[in-house]
Amino acid sequence: MHTHPSEASEAVVPSESRGRGRRRRTDWRLGGSTVRGWREMLLAWSVLSLGLGILAGYAVVAALPTAPWAGAAATVLLWLGMLVPVVLALRRSRPIGLFRFRATDLLVGIAFGIVLRLGQGWFQQTVQGEAGFPGILLIDGRIPVSWWLLEALPTGIVAPVIEELFFRVVLLVALYSLLRRPFGHVAAGIAAASLTTLAFVAVHLIGGMPSSDTLLSLTLVGAVCAVLVLLTGRIWPAVLAHVVYNVTGLGLAVVGALAG
C-alpha cells in the first residue's frame, strides 16, 4: 500500500504539534515540565520539614516553659519548617501562571477576605450566641507597641503569606499534579483542596483545641483559599483573602479595645 506524501507529512505533524503544545502551556493545571518535579518527593520533604518544625517548637516550649519568648520561637520554627519545602520547590521550578498577578486578584482577594470574616462572625454568633470583639491587653489605656510588632504584623501579614506558600503553593500544587493524570482534573482538585484544608486546620490545632466556631472558620478559610487557587490558577487571590481575613480580625480587636 503506497502512502501519499501529504499523508506522510500529516502523520508526522501530530507528534510535532504535541511537542509544541507542551512547550506552549501557560497554566500549571495542565501539567508540563514546571510541575513535573512537584510530586511524591516534594510531598515527602514537605511532611518531613513540617514535622521537624513542629517537634523543634515543642522542644523549645518544653525546655523553657517560663521563657516569655518560647512561644514566639516555637512559631518561628514552625514557619521555618514550612518555608524549607517552599524554597526547595521554587528552586526546582515555578509552576507556570501560579505567580501571575492580575488586577482582578485584588478585588477577589478583598471580597473573599471580607466574606470569610463575616462567616467567622456568623459561626461565633451561632455557636456562642453572640459575636464579640477579640481582646487586647491595654497598657495605660493604650495598645502597646509590642502588640503591633509581635502580634499584629506576624498575624496579619507574615503568617498568611507563609501559610499560603506552604499549603496552597507547595502542597496543593503537588497533590493536584500527582492526582491529575490518574483521576482527572475534578477529582484531583477535590482531593487536593480537601487534604490541604485538613492539613491547614491540623496545624492550627498545635496550640490546643479551639472552640467549634473557630474550627469551622479555619476550615472555611482553608477550603476557600484552596478553591481560589484551583479556579484561578493563581496564588494571589488566596494570599489576599487570607491577609484580609486576618487583618480585619485584628482591626476588630483594635476597635474593641479602644471602645471598651
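## Salt bridges in a predicted model

Because its relative accessibility is 9%, Arg 234 counts as buried, a term that stands for under 20% relative accessible area, with exposed meaning over 50% and partly exposed in between (1.4 Å probe, protein chains only). This is a predicted model, in which local features need pLDDT of at least 70 and side-chain atom pairs count only at pLDDT 80 or more, while totals for chains, interfaces and linings use all residues. Residues are numbered from 1 along each chain as its sequence is written, and side-chain values use heavy atoms, with hydrogens and water left out.

A salt bridge is taken here as a side-chain nitrogen of Lys or Arg within 4 Å of a carboxyl oxygen of Asp or Glu, and by this rule the count comes to three salt bridges.

| Salt bridge | N to O distance |
|---|---|
| Arg 29 and Asp 27 | 2.5 Å |
| Arg 234 and Asp 105 | 2.7 Å |
| Glu 164 and Arg 168 | 2.6 Å |

The side chains of Arg 234 and Asp 105 meet in a salt bridge; this pair links distant parts of the chain, 129 residues apart, with Arg 234 in the loop between α7 (212-232) and α8 (236-259) and Asp 105 in helix α4 (residues 103-128). Helices are DSSP runs (H or I, at least four residues), numbered from the N terminus. Asp 105 counts as buried because its relative accessibility is 1%.

Glu 164 and Arg 168 are separated by about one helical turn, because they lie four residues apart in helix α5 (residues 145-183). Glu 164 counts as buried at 0% relative accessibility, and Arg 168 is buried with a relative accessible area of 0%. In the remaining pair, both Arg 29 and Asp 27 are buried.

Definitions and conventions
Helices (H or I, at least four residues) and strands (E, at least two) are DSSP runs, numbered from the N terminus.
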